[in-house]
Amino acid sequence: MTVYQLPAEVGAFARHLGEMAVRLVPGEGWYGVFAGRDPEGLRACFAGTEIPPWDVVESLLQDLGEPAHGPEAARARALHGAAAAAHDRRPGGAEALRERLAAMDHERRYAESRTHELATRLRQSRNASDADRITDELAWAGDDHARATSRIGELTARLAALGPDRDQRPSPRAQAPSAPTAAPTPAPAATAPIARRKPRGARYAWLDDAEEAPDPAPAPVVELPVAGAAPRGARFGGVEAAPGSAARTSPEAEADAVRAAGNAVYALRRLRAQGRSGEAHVLLCEAVAGPPGWLPALAAELHRVGLGADWSTLLWEAASLPPGRLAAVAGALADAGRTEDCEQLLRQGVARPVGELAGACAALRAEGHHREAKALLAAFLRVRTPEDAARLAAADPPGLVPQLRAAARTVSPARERDLLHALRVAGLAGG
């Protein structure tokens, strides 16, 4: 039996990966997720018979607390690149890359579809425990999509490096163990360290500390910082911003907002031109998680260049934000004179649980946005039942009963009568 000797570059990377594993804690972090999800694939990577996608290596580095641009990451990147190149030059390497590329494209499209499905279910959810579960599934679906998108870029670059005519034969490695999928289904919090992981790669175009994926045409880095390390955007239900976190208008703040908007739109147009719609959607979701005070400038720039549809998508994502964050975005739009956008956002947000709406209303009023709080309640009364309105009022009867009654008067006399009846039945009619 012929024993195939590993290329020196592959052996060097496998040894480095083993050295990393010694420092990792079994069962914890992303290392625990990968080991639980695809132990055979992980063993194949440590043995050198497979090369893990770069995002897997990057996640392991994050488990170790290594900075994205630190010396350890740079060394791992160099070893990984050399190993991948040597691995791909093996017989059947090009065909194997094509097969993996097709599989990753399928995974990306499935994750995108799954994300939209879960976002719809979250907006329609009336139960807090269901909303929490769906939010967790959304986080994993977002991670699936981000990793698949990153790997498509990586595989495309590796295939291009081999040349257009390299190795058209079927791959003898088609049935070999695959590299870790790193795209698990929802897992317990102990093995899903989402809050410890920053978004990765050039697809997150405005993270100034993001490690660039080996992409043949990476989007430019845009300086729109994202607070915290958890996956962000409405689908991730990220860390809730304090009400009133929108930047107050000042010449410096306006200049920062205009500059960030220009950079973001430039990146978005490049992604659209290259057909990278998934990455463009992720970029919009990251914008939702940025400073609320920057969004009006982004809206203006998107409309200026004919990307109004992307602004509508961004508002749709923002409608699923946590209550305080939703209020901050609505307030920023109102302060900037974008009344229609603000009201559209609030109309789209009224499908959420009544407890969250009570929080959003309180946050708006605390920031002096009484008109927007009234608009939120009016939109709520137009699409939700009077019984829902009574449950909302029960969250804060002294504050919400008079606000709901005032909002109902702006809707219609019939809606006001229905509301008063529901409030009386619930013992909340007051005077």
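How are helices H1 and H3 oriented to each other? Before getting to that, a word on the model itself: it is predicted, so local features are taken at pLDDT of at least 70 and side-chain atom pairs at pLDDT 80 or more, while totals for chains, interfaces and linings use all residues. Residues are numbered from 1 along each chain as its sequence is written, and side-chain values rest on heavy atoms, with hydrogens and water left out.

Of the 431 residues in the protein chain, 52% are buried, where buried means under 20% relative accessible area, exposed over 50% and partly exposed in between, computed with a 1.4 Å probe on protein chains only. Contact here means heavy atoms within 4.5 Å. Among contacts between residues at least 6 apart in sequence, 78% join residues at least 24 apart.

Now back to the helix pair of the opening. Two packed helices are described by the angle between their axes and the distance between the axes. Helix H1 (residues 8-23) and helix H3 (residues 39-47) have axes 7 Å apart and pack at an angle of about 120 degrees. The axes are lines fitted to C-alpha atoms, for helices over the stretch in contact, and the angles run from 0 to 180 degrees between N-to-C directions. H1 and H3 are therefore oblique to each other, given that under 35 degrees counts as roughly parallel, over 145 as roughly antiparallel, 65 to 115 as roughly perpendicular and the rest as oblique. On the H1 side the contact uses Ala14, Leu17, Gly18 and Ala21, which meet Cys45, Phe46 and Ala47 of H3. By class, that contact comes out as six nonpolar, one polar and no charged residues (Ala, Val, Leu, Ile, Met, Phe, Trp, Tyr, Cys and Pro count as nonpolar, Asp, Glu, Lys and Arg as charged, and the others, Gly among them, as polar).

The axes of helix H14 (residues 354-366) and helix H15 (residues 370-383) come within 7 Å and cross at roughly 160 degrees, so H14 and H15 are roughly antiparallel to each other. In this contact, Val354, Leu357, Ala360, Cys361, Leu364 and Arg365 of H14 meet His370, Glu372, Ala373, Leu376, Leu377 and Phe380 of H15. The contact of H14 with H15 has nine nonpolar, one polar and two charged residues.

On the aromatic side, the structure holds two aromatic pairs. Rings of Phe, Tyr and Trp (its six-membered ring) pair if their centres lie within 6.5 Å, and planes under 30 degrees apart count as stacked, over 60 as edge-to-face and the rest as tilted. Trp30 and Phe34 are stacked, at 5.9 Å centre to centre with 25 degrees between the planes. These two residues are four apart in helix H2 (residues 29-37), which means that about one helical turn separates Trp30 from Phe34. Trp30 is buried at a relative accessible area of 2%, and Phe34 is buried at 1%. Trp30 also pairs with Trp140: the ring centres are 5.7 Å apart and the planes stand at 90 degrees, so the pair is edge-to-face. This pair links distant parts of the chain, with Trp30 in helix H2 and Trp140 in helix H7 (residues 128-162), 110 residues apart. Trp140 is buried too, at 1% relative accessibility.

His145 is buried at 6% relative accessibility; leaving out residues up to four places away in sequence, His145 touches Arg108, Ala111, Glu112, Gly278, Glu279 and Val282. Ile152 is buried as well, with a relative accessible area of 18%. Beyond its neighbours within four places in sequence, Ile152 is in contact with Leu101, Met104, Asp105 and Arg108. Ile152 and Leu101 are 51 residues apart in sequence, yet 6.0 Å apart in space, C-alpha to C-alpha.

Finally, there is Ala406 in helix H17 (residues 397-411). Ala406 is partly exposed, at a relative accessible area of 21%. The C-alpha atoms of Ala406 and Glu416, ten residues apart along the chain, are separated by 8.6 Å.
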